[in-house]
Amino acid sequence: MSHSIEKPTDITLPATSLWAKLPMIGGVLAVVGLGATLGTGMGESGARSMFSYLWAFEVFLSIALGGLGFVLIDHITKTAWSGVLRRIAETTAVSLPVFAVLFVPIATMGFHALYPWSHETDAILESKRWFLNTGFWMGRAVVYLVVWSALAFILHSWSVKQDGTEGAARDAITRRLWKIAPVGLLLWALTLSFGAIDWMMSLQPHWYSTMFGVYFFAASILAFYCFLTLVAMGLQKAGVLTHAITTEHFHDLGKYMFGFTIFWTYIAFSQFILIWYANMPEETVFYMTRLEGGWDKVSYLLPVLHFFVPFLYLVSRQVKRNRVALAAAAAWMLVMHLVDLYWLVLPNFGTHGEKAQEAVLSLAWTDAAALVGVGGAFFAVFGYFLSKHKVVCINDPRLPESLAHENY
């Protein structure tokens, strides 16, 4: 089997395609969804809305951070197979500045409703007060959002600039991207891990886990590979990169989805077994909360639906090389990612304070509204950059090798 190494010509979105209209569609969804969610988020009765909002925020933030990690790892490893896909990852990552805006409701109207340590105290919380205090927490949030936005903007802008260069100038940009990637990856790993600790683990402040940051990292990368697979297929349906992205590339995406499914499970199980075996109350409280009020069913189903089903499905080479079958796997894993983050965030609602009660599984209309609103904002920015620039790094020196990529 051989592939043409000529540069693709179908590298811009058709003006009539749905992808080109994504900024407008996303903007409308953002206004409607965010308006409905945040409009009910004021006061004590709005606490449930803020938990919905935080969940939706983490869902799309994880995909954007996964895209940033993909780009950084791609430059560090100097891999070639992913060259035709990297611009999609860069475009996903460059949506990160919008999350700085979307974070404002969490840091203001939802802060006390979400984080009990901000207004409650006891011996355990006092021992953590050096870390869990409002000023330091807010300062760290600013650092995370600035680092992510800066890295995403630099990587994307330099890559787009490379589209209009040739020869020595093109190679100079490539070397700059390679040089910034190791430092960027270190910053990305640290900020992603501490962001997960600050924004999700501290929802249940008595609990702690040294593996939680890695858990969120694994979930983010897995979610992004699923997202990338579906976007690449959707773009080809719109007549873009129809021959540049081949079955060989989708095969590799399927392998990474399979691999990170195993990695996510390894981290999740390792965290569980260490905490359960030690049997320390301040640690086991995380799982005990999720073994009551209907959450126990989610806890038992997650390993089956998030690991065993996709593991047995994706182990087949034929599935990874069949686009319909692979798309089904990617969609399934994204749904499981939503459920996993829901399981991390929502059981904490109503379990603190004077009116504390046991965790009870209950869906709310604000869950859907928040997902539509935050997703609309994410897709509006994603669609804007996707339509403004070429959808492939057309002058990347590794592009010919990527176009000719084969699995053996």
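I started with the accessible surface of the protein, which comes to about 16,900 Å², with 71% of that belonging to carbon and sulfur atoms. I took areas by the Shrake-Rupley method with a 1.4 Å probe.

A note on ground rules: this is a predicted model, where local features need pLDDT of at least 70, side-chain atom pairs count only at pLDDT 80 or more, and totals for chains, interfaces and linings use all residues. Residues are numbered from 1 along each chain as its sequence is written, and side-chain values use heavy atoms, with hydrogens and water left out.

Next I checked burial: 56% of the 408 residues count as buried (under 20% relative accessible area).

I then looked at secondary structure and found 17 helices and zero strands (DSSP runs, H or I of at least four residues for helices, E of at least two for strands).

For contacts (heavy atoms within 4.5 Å), I noted that among those between residues at least 6 apart in sequence, 83% join residues at least 24 apart.

I asked for the extent too, and the C-alpha atoms fill a box of roughly 65 × 40 × 40 Å along the principal axes.

Of its 17 lining residues, F272, Y287, S299, P303 and W343 are the closest to the centre. I see α11 (247–278) and α13 (295–314) each giving two or more residues to the lining, and α11 has the largest share with seven.

Conventions. 1 Å grid on protein atoms, 1.4 Å probe; cavity = no way out; pocket = protein on both sides within 12 Å on 5 of 7 lines; lining within 4 Å. Buried < 20%, exposed > 50% of the residue type's maximum accessible area, 1.4 Å probe, protein only.
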